[in-house]
Amino acid sequence: MTPWLTVVGIGEDGYTGLGKAARHALLKADQVFGSERQLALLPPCIRATHQLWPKPFSLAPVLEQRGTPVCVLASGDPMFFGVGASLARELPSEELHILPAPSSCSLAAARLGWPLQTTPLVSLVGRPLAALQAQIHPGVRLLVLSNDGESPAAIAELLRERGFGPSRLSVFEHLGGARERRIDGLADGWSLQRAADLNLVAVDCIASHDARCLPLTAGLPDDAYRHDGQLTKRDVRAITLARLAPLPGELLWDVGAGCGSIGIEWLRAHPSCRAIAIEADEGRQAHIAHNRDALGVPNLQLVAGRAPEALDGLTAPDAIFIGGGVTVPGMLQACWQALKPGGRLVANAVTLQSEAALIAFRGEHGGELTRIDVAQAKPLGGFDTWRAALPITLLQVSKPS
């Protein structure tokens, strides 16, 4: 099949920076779709009808032209946070011809001398600033695609709040074009209130002595969370996450989520992991909303409601954690029924009644029971003694494929 749709990556250098294949596709096209800025880069020799993207954005006008010669303009590499990736989800590869230009990240890495393969890339385009939280670590270098001209100042403020004020920032405007400009400075004392809307921020993360540095492993410190006491404690949380065993792209239901700690640490395991927190208490819902942003996983979906009724209509999960409510009539059965074949269910119990519910469920569906006893050394007079937390019974069971 001859491709009818050509996606042309175009940089700030415009038409003169395009190769032969891209120019030929634009000359042959009946219609060219792009933003106002991108279309303005084309010379008069491109006779195709210029089409602005609709607002709100939609691919429908392009897909309606199926079979006629069409070009779509994209900034830099169309497959790097670009429209090319969106079109590739809608069309078979045989109908697409994608001609990339250097991405802004490639150009910035070249200016800085940073190897791209070891430099995390974060996009804030249409995404909350909180997405950056999970990427800030001492010694890490980041490339951040800004949402607009206010993004650099917001990034600097976030770094200061986290205790990373000594971090070095480089803002690149209009990379690859005649108006390219670089602004360097520290997060502490950053004074540029607004950059050009088309900008990228390079961050060399440097921690101060009081910086809040969080590990990548499961089992974050308990004080990393805002909570009302409804929190799966650190050691139990680490064991629970190990049993849930997150894999890239998988979806978790955190049922009776409390402050959201299990769902949050599931999402921190891999950028493509997904999670839904189901919680009925309004105060705890507020804790979840705060914690997901503070810990860098704003994509945690919050469902306000009481399980099992609130589970109706949710996307089938790959794993389910039940931290409380296993004695609620129908809870275990509803979760088991919703779980995908081959999925994992993990439930924790503290009371005798909830433990009995897990034992009965295990008798019907199998699985593994584990008793978790954790004790910490605490003062007793002039000495120390062990203070034991309430023992936890953990059930792990996999659903047959």
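On a 1 Å grid over the protein atoms alone, a cavity is a set of points where a 1.4 Å probe fits but cannot get out, and lining residues have an atom within 4 Å of a point. This is a predicted model, where local features need pLDDT of at least 70, side-chain atom pairs count only at pLDDT 80 or more, and totals for chains, interfaces and linings use all residues. Residues are numbered from 1 along each chain as its sequence is written, and side-chain values use heavy atoms, leaving out hydrogens and water.

**Stop one: the cavity.** Select Q133, A134, I136, H137, R162, L214, R268, A294 and L295, which line the largest cavity. About 40 Å³ of space lies inside (the space filled by probe spheres set on the points, which are joined across faces, edges and corners).

**Stop two: the pocket.** A pocket is an open set with protein on both sides within 12 Å along at least five of seven lines. The largest pocket has a volume of about 1600 Å³. Pick R37, Q38, A74, S75 and L198, the ones nearest its centre among 50 lining residues.

**Stop three: helix α10.** Now select residues 331–338, helix α10 (helices are DSSP runs of H or I, at least four residues; strands are runs of E, at least two; numbering starts from the N terminus). Which residues of α10 are buried? They are M331, L332, C335 and W336 (buried means under 20% relative accessible area, with a 1.4 Å probe and protein chains only). These residues cover an arc of only 125° around the axis, so they sit on the same side of α10 (the arc is that of the directions from the helix axis to the C-beta atoms).

Notes
Buried < 20%, exposed > 50% of the residue type's maximum accessible area, 1.4 Å probe, protein only.
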